[in-house]
Structures are given as C-alpha cells and as structure tokens.
Amino acid sequence: MTAIAEVQGTPAEHTHCPYCALQCAMTVTEADGGSYVEPVWFPTNRGGLCRKGWTSAQLLDHPGRLETPLLRVGGEGRLEPCSWDTALDHVAAGIRRAQATGGPDGVAVFGGGGLTNEKAYQLGKFTRLALGSRLIDYNGRWCMSSAAAAANRSFGVDRGLPFPVSDLSSARAVLLIGANPADTMPPFLQHLATAADAGGLVVADPRLTATARRALDGGGVHLRLRPGTDAALLLGLLHLVVVAGRLDTTYIAARTTGFDEAWGHAAAWLPERTERVTGVSVAQLERAVALLADARDADAGAYVLTARGAEQHADGSDVVGAAIALALALGLPGRPRAGYGTLTGQGNGQGGREHGQKADQLPGYRSIADPAARAHVASVWGVEPEELPGAGVSAFELLDSLGREGGPSAMLLHASNPVVSAPDSGRVRERLGALDMLVVSDFVLSETAALADVVLPVPQWAEEEGTLTSLEGRLLRRRRSVTPPDGARDELWIWRELARRLDRGPERFPVDPRVVFDELARASAGGKADYSAISWDRLDAGEALHWPCGADSPDGTPRLFTERFATEDGRARFAVAAVRPPAEAPDAAFPLYGTTGRVLSHYQSGAQTRRVPELVAAEPRAWVQVHPVVAAGAGLDDGDAARVVSRRGAVEVAVRLDEDMRTDTVFLPFHFGGTGRANIMTLPELDPVSRMPEFKVCAVRIEAL
Ligand code: SF4
C-alpha cells in the first residue's frame, strides 16, 4: 500500500476512527510495509483513543482482506474468485429474475450505520430509483431507533446529543441509563470526570460495569436495577421529582405540553413500589433526584443520557420517553449547561439514520409518506414523486420475510453482519439461506458474507473519502490515507455499474463522493437534518458545522432547543406510557434474565475486531458473566465451559464468575460468532413504534457443557 495523503498534524487533514460514534480523530501513516494511527486532539476525544482505535490500522493490511469478487459456484458449492464483470453480470441477472417473479419488491436492500453519509444517501436512492423497491432498512434500526422515535415525539427532531459533547465536561450531575462508555467509548469518560469527581455521576445498569464503578469511586450512585425495569425506574424518579418539590414548574408551563398525562402514569410509581419492582432502594432513588436537581439549581450542569441498555427493549421508545419526561420535569432540555441526549453507537449512527436507508425515510430526515417531502426529493432526483415507492418494513421484519411466500428472493447487503448482530440470529441465518441470491459487500468474509452467493470486496475507512456525522450532529470528513487493494471497488461505483446493467439511468448515480454530498445537501434542504449550507470545502477548512446548517442557520447549530423545540407549537411534549413487563419473563424452565452488551476489546458483530491480534488476545472467545452462587447451582466454576439456553437456541461460552452480578441475571457479550453468538438467544419482539427488538432481556438457564 502507498501513502497518498500527508495527514499528519493539520487539524483539517486528519481522519477519524472507523468504529464508534465518538469518532476520535487520528492520523493514518504508512511505514515499514504497514500502517499505523496516531491520535489527534479533537473536542470529542481530546487526544485519546481506546484500544480499538489504536489497533484499527491493522485491518488495512490484514491477510484475510477480500481482494477479488467471489461467486458461489454450483448451488451449495464454494465461493470462487471471479472478475468484476462476471460478478456484476451475475448480480444484475439475479435482480432481474427476482423482480420478474416478485415485482420491484422481489429485491430487498440492507444497509449499515457504518456507511458514510454519501453512501447511505446513495443506497437509499439506488433502492428507490434503480431497483424501484420499497424494501430497504439497516442495522441502525437495532441501535438508535427507540431513541430516535422518542426524541421525534417529544422534541420534534432526533439529534443524539442536541449539544456538543464537550458541554458535558463541566457538568456536576449526569444520570446515565443503560450506558457503559468506560468500555464502549473510553475517551468519552473524560467528559464525565467533573461529575464523577463531584460524586454526581449516577449510573443505572443491572451490572456493576466499569462505568458504574467509576461512579461509585467518586462517591456517586449505581442504580442496579432488575433487567427490563427501566421504565418503572424512570417513572419512579419522575414521581420523586414531583413529591420532593423539585419540579421546574416555570419551565413546564413555558416550554412543554402534556405534563398532566405524564403525571397520570408517574403518580402510581410510589417510591416503595418502584423499589419493589426495580430492586433499587428508595434512598438511592432520592439521592439520584437530589443530585440532578441540586446541580440544576446551582447552574452547575445537569444531564440525563440514555444508551442501548435502556433503548433496546420492546418498549424502548417508551423507556426513552420516560427518560425525556424526567429531564423535562427537571427543566433540563434547552437550558444552558443542561439537557437530555442519547449516546449514538455506530460510527455514522447519526448520519446513517438521516438520509434514506431507513424504510420510512427520505434524505434530510424526511418522511417518505409526506407528499411535500416526496415532491422535493423527486425534484432533486429528476423524477416524478409517483415514481418513488412508499415505506418498507423494519430491519427484523425485512429479514424475517426473506425467501418466504410473497417475500423478497434476493438481497443486497452492505456494511452489516446480521448473522451475528440480528436478534434471534438463528432464524435470521435461516432466512438468508432461503434466498435465491444474497449479495454481500464487505472487506472481510464475515459470517454473513460467508453465506452469500456473491461477495463484492469494498474499501475500508482509511481508503475512502466521505463524511460522517458524529453523536453530537457535527459533520466530519473521512479522508483517504492509503490506497485500497487493486481488486476492491467503491460501493458508489458498484451501484452505478448495477444501474447501468439494469438500464436504470447510471448517470443518476455519480461515483465522486463530493458530487454525491452536494446532491445530498440539496436533497436535505429544508428538512430536519438540513445540510444544505455544508460543503466539503467548509469542512476541509476546519469549520465545526452541526446540523441543521441551511439557509436559516448557515453557521450550523451546535445547540438545539435554546429558544424553542422543533415541534409545531415549539414546546416539548411529555410522552409517557404505562409500564409494560419484558416480553419474556424468567420461569421455572428458564429462571434467569439473559442480557447482552459490548466489551472494551470488540466492536459490534466483531467482524473487524475479531481479526485484530491484540484484541483477540484480550478477548479470544465468548463468555458468560455469572454470580458464583448461580454458577455453583449449575455445577460450574470459573473458566468452565457452559451452555446458556433460551427458547430460541443455546450458546456455548466460558464461565466468568463475578460476585457483583445480580443472582437473577447473566450477561453475554454479543461480538462473537459460531456457537458463541449471543443473539441466538435474543428475542425478536418489536417495539410498536420504533420496531426495536427486545435485545436486552430474555429468559435463559445455564448448564454445564
Ligand atoms: Fe474512539 Fe470509539 Fe474509536 Fe474507541 S472505538 S478510538 S472510543 S471512536
């Protein structure tokens, strides 16, 4: 590989880590036949990187890198190398066959929150125009959809953090619900140091995570709730805000609607009942409320933040609604040095949910059902609004329909590995196997790519140009630092070549990402996520631009809601629902809560990090974290091989004893493949609004292997 850009030192020339949404800044340099990264000071990471970021360049030169298209020869046969023409001709023929029998929706598309903004946009456009299919969704549905649904409902817009990350740095009180950034995005912990050192960090999590330990070490609080009781906990806290006289009545009257209905739900969550249901003591609940309200009253900074632990439930949008209601009751959103936010997961988890790879969405965070939005986007695309298909279905529903009667018989899949990351992943693997044609674009042979009929090798992060949008809604440039392997082709090129073969107007699918961005910016104009005043030139000049950044806000909007919320009346809505129990409760056959999450050394499905030697050395195989008493009950000791069994399937893992675990709960990381795939167990019960699956709670038992 040859270094093609000098990226050292200059803030406007660095790139960003390929993994999570903190998007730590770094340079990439080639030396001694390999590449290495160095951190760059940036407001989100302040010069820090976690071990995933430090080792990220190792994948660029990985021997398992895909460098030529692969084609499955003879039904169940092996994947064999082939030319790009052969691969793309095969894909185009498969699309034609699928649509000849199934109509436009005979082909489905699955995207990913790791795609650049340009690619996420173009993938949505390709699906609607070149394929004419309504069936597109992406893995971000399993990440951010509950927070997005709740924020849209309460604030009228969904930007993960409606304020810069650095605003958190001086806060004296932060309530984190279902977030473990000490493992998932360690440099972020710098922004919680003031709160943690002041004893104001409150972590709600069933486990004593590294983040919860940090809270306790500083004198803060760990609310060790029973899995699946997040909504009850939050309504109990809201109840206490009211009865303790800490409600911000002036703010509620001036800036919100719906408090009375919210109180109608919260009134029943008396402290003792909340303690009984959640397992969190009344004293801890009272302390959490006092910390937040005292920090607010002292104007010392008070925030409520959620993440996947609270959001990945079949009532996830209501849990987040309750978290927002708590923040509104305290008068935090839109107030200086205060607010509510969600910690976005994937690298482009924010931009990836704004520009059209979601089933119900057009660019600019527009609804595909809105006639005005359809007319605007159609005019940018040079088609009639009637040519745009309607809304599709959510990620799990889409995958579950594959190969069934009336469902799609072909799928194009990008930047995702659902064989490991989907809920009830055994069922999803079966559906993928039922397709007549599965086409996977990736740079390594992931578990999903290994099932494909055609595998298309694409560039990695440091080999491509584009933009991403970080967890605070700031546009970032991803810069090409090394050349991709000769055999890899950019997705933009792939989609244009497919459009050419399908005779669907290849000229509508430019391959220059800068040209695609300019079109995306025009398509987003006037939408909620308005990028129309943003250009690569401005980003390359080092400007810090947060959306919306359009005609009314040409310098961007680092802080939302300072004057009004994005709802029709400008007020935030309390949106609180009745508490629902988890979809699957423990019983005699499956007596434990099974819950899943991420660890420090791996990222998402592990397709990337399980190929990095240092990370594999740190976490080589799947494990289950379990209390010694529970393990002893199953005849298990530390390090033993165990089977964790759910109604959907069983996982084989190594036992890790932990005296701090709840005795009703086991925890499994979801990064591993093969028999260690934790998502074999998870439940595809979906949130009625966001369609988020119930990833975080299922009923299991543990037994010796
Ligand atoms: Fe930063 Fe996240 Fe990358 Fe770690 S994984 S270096 S926290 S962007």
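Colleague: What do the axes of helix α3 (residues 117-131) and helix α20 (residues 513-524) do?

Modeller: The two axes come within 9 Å and cross at roughly 70 degrees. Axes here are lines fitted to C-alpha atoms, for helices over the stretch in contact, with angles from 0 to 180 degrees between N-to-C directions. This is a predicted model, in which local features need pLDDT of at least 70 and side-chain atom pairs count only at pLDDT 80 or more, while totals for chains, interfaces and linings use all residues. Residues are numbered from 1 along each chain as its sequence is written, and side-chain values use heavy atoms, with hydrogens and water left out.

Colleague: Why are α3 and α20 called roughly perpendicular?

Modeller: Their crossing angle is roughly 70 degrees. Angles of 65 to 115 degrees count as roughly perpendicular, under 35 as roughly parallel, over 145 as roughly antiparallel and the rest as oblique. The pair α3 and α20 is therefore roughly perpendicular. On the α3 side, the contact (heavy atoms within 4.5 Å) is made by Asn117, Glu118, Tyr121, Gln122 and Lys125. On the α20 side, Pro513, Val516, Phe517, Glu519, Leu520 and Ala523 take part.

Colleague: What kinds of residue make up the contact of α3 with α20?

Modeller: They divide into 6 nonpolar, 2 polar and 3 charged residues. Ala, Val, Leu, Ile, Met, Phe, Trp, Tyr, Cys and Pro count as nonpolar, Asp, Glu, Lys and Arg as charged, and the others, Gly among them, as polar.

Colleague: What makes α3 and helix α19 (residues 491-501) roughly parallel?

Modeller: These two helices pack at an angle of about 10 degrees, with their axes 10 Å apart. That angle makes α3 roughly parallel to α19. In this contact, Glu118, Lys119, Gln122, Leu123, Phe126 and Ala130 of α3 meet Glu491, Leu492, Trp495, Leu498 and Ala499 of α19. By kind, the residues of the contact of α3 with α19 are 7 nonpolar, 1 polar and 3 charged.

Colleague: Why is α19 called largely enclosed by the rest of the structure?

Modeller: Because 8 of its 11 residues are buried. Buried means under 20% relative accessible area, exposed over 50%, and partly exposed in between (1.4 Å probe, protein chains only). The buried residues of α19 are Glu491, Leu492, Ile494, Trp495, Glu497, Leu498, Ala499 and Arg501. They pack against α2 (84-102), α3, β16 (410-414), β17 (437-442), β18 (454-457) and α20.

Key
Helix = DSSP H or I, 4+ residues; strand = E, 2+ residues; numbered from the N terminus.
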